[in-house]
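Here is my notebook from a first look around this model. Follow along with the structure open beside you.

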Amino acid sequence: MVRLDENEISFPDPETYDGQDGLIAFGGDLSVERIWFAYQLGIFPWYNPGEEILWWSPDPRFVLFPDEIKVSQSMRKILNRNVFTFSENRDFRGVIKSCQQTSRKGQDGTWLSDELMESFIKLHEYGLAKSIEVWQNDELVGGFYGLQIGNLFCGESMFAKVSNASKAGFIHFVQNHKDTIELIDCQTHTDHLESLGARMISKKEFLKILHKNNERR
């Protein structure tokens with residue numbers, strides 16, 4: 001595993017360096033420039049606040065192809081009843097803050113540190129990160145955020161304050177962007193996203209799609 005230099009923005013090549021269980025490097029910083037560069041290589045930060053920054057490029061990779069989205073009959077009914085309304089980039093700070101504060105099964109606290117959160121807010125201000133909001137009676141009840149790299153959306157985290165809110169927001173997003181987004185990177189497995197059609201592909205296949213996408217930008 002490689003220790004990163006805080007004064008130089010570089011990473012091991014994830015195509016040729018496997019690391020341990022997808023762990024590529026540690027250290028460095030959470031500058032906007034480093035995070036943006038990492039995602040273009042297929043690398044993302046994931047660590048516990050207060051500990052060393054860890055950088056990952058797992059194999060296999062958990063992704064969703066928009067044309068493979070699965071919408072259950074019960075979710076179709078919810079969407080048809082207009083239980084929720086949706087927006088994009090209306091309240092990025094509210095979404096990422098809610099993601100930070102959401103307790104998750106099997107986790108003690110949150111992995112989303114204040115420093116990482118502020119870096120993503122800056123990326124949003126630069127037009128590189130986006131949020132999807134789910135509303136009910138003018139209250140923010142769900143949503144998610146991530147980085148947009150050309151036709152690839154790198155999902156980061158989601159939250160729901162009421163049942164089915166984040167699922168409805170994700171389905172709405174995929175259905176509304178299926179003609180412009182080739183792939184949604186979900187990074188690591190969750191039952192929640194698997195139920196919506198996400199699946200594993202090899203790191204090699206993921207990086208091939210990412211590199212083609214970078215070339216088209």
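Entry 1: I call a residue buried under 20% relative accessible area, exposed over 50%, and partly exposed in between, using a 1.4 Å probe and protein chains only. Ser10 has 29% relative accessibility, so I wrote it down as partly exposed. Before going further, I noted that this is a predicted model, where local features need pLDDT of at least 70 and side-chain atom pairs count only at pLDDT 80 or more, while totals for chains, interfaces and linings use all residues. I also noted that residues are numbered from 1 along each chain as its sequence is written, and that side-chain values use heavy atoms, with hydrogens and water left out.

Where does Ser10 sit? I found Ser10 in the loop between strand 1 (2–4) and strand 2 (23–27). My helices (H or I, at least four residues) and strands (E, at least two) are DSSP runs, numbered from the N terminus. Next I looked up contacts, meaning heavy atoms within 4.5 Å. Setting aside neighbours within four places in sequence, Ser10 touches Leu4, Arg34 and Phe37. I also checked Ser10 against Tyr126: they are 116 residues apart in sequence and 21 Å apart in space, C-alpha to C-alpha.

**Entry 2: another serine, another loop.** Is Ser57 buried or exposed? Ser57 counts as buried, because its relative accessibility is 1%. Ser57 lies in the loop between strand 4 and strand 5. Leaving out neighbours within four places in sequence, I listed its contacts as Pro14, Gly22, Ile24, Gly42, Ile43 and Lys203.

A cis peptide bond joins Asp59 and Pro60, with omega about 5 degrees.

**Entry 3: positive phi values.** I looked up Asp21 and found phi near 55 degrees, a positive value in a residue other than glycine. Asp21 belongs to the loop between strand 1 and strand 2, and its 69% relative accessibility makes it exposed. Asn137 is not a glycine either, yet has a positive phi of about 55 degrees. I placed Asn137 in the loop between strand 7 and strand 8. Asn137 counts as exposed, at 76% relative accessibility.

**Entry 4: helix 3.** How many of the 10 residues of helix 3 are buried? Seven are, so helix 3 is largely enclosed by the rest of the structure. I wrote them down as Phe92, Gly94, Val95, Ile96, Ser98, Cys99 and Gln100. They pack against helix 4, strand 7 (129–136), strand 8 and strand 9 (152–160).

I picked out Ser98, which lies in helix 3 (residues 92–101). Its relative accessible area is 10%. Beyond its neighbours within four places in sequence, Ser98 is in contact with Leu140, Phe159 and Lys161.

**Entry 5: two helices crossing.** I learned that two packed helices are described by the angle between their axes and the distance between the axes. The axes are lines fitted to C-alpha atoms, for helices over the stretch in contact, and angles run from 0 to 180 degrees between N-to-C directions. For helix 1 (residues 32–41) and helix 4 (residues 114–125), the axes come within 9 Å and cross at roughly 80 degrees. Helix 1 and helix 4 are therefore roughly perpendicular (under 35 degrees is roughly parallel, over 145 roughly antiparallel, 65 to 115 roughly perpendicular, the rest oblique). Which residues meet here? I found Val32, Ile35, Trp36 and Tyr39 of helix 1 against Leu116, Ser119, Phe120, Lys122 and Leu123 of helix 4.

**Entry 6: rings.** My search of the whole structure gave 10 aromatic pairs. Rings of Phe, Tyr and Trp (its six-membered ring) pair if their centres lie within 6.5 Å; planes under 30 degrees apart are stacked, over 60 edge-to-face, and the rest tilted. Phe120 and Tyr145 make an edge-to-face pair, 5.5 Å centre to centre with 75 degrees between the planes. This pair links distant parts of the chain, since Phe120 is in helix 4 and Tyr145 in strand 8 (residues 139–149), 25 residues apart. Both Phe120 and Tyr145 are buried. Ring pairs also link Tyr39, Phe92, Phe120 and Tyr145 into a cluster.
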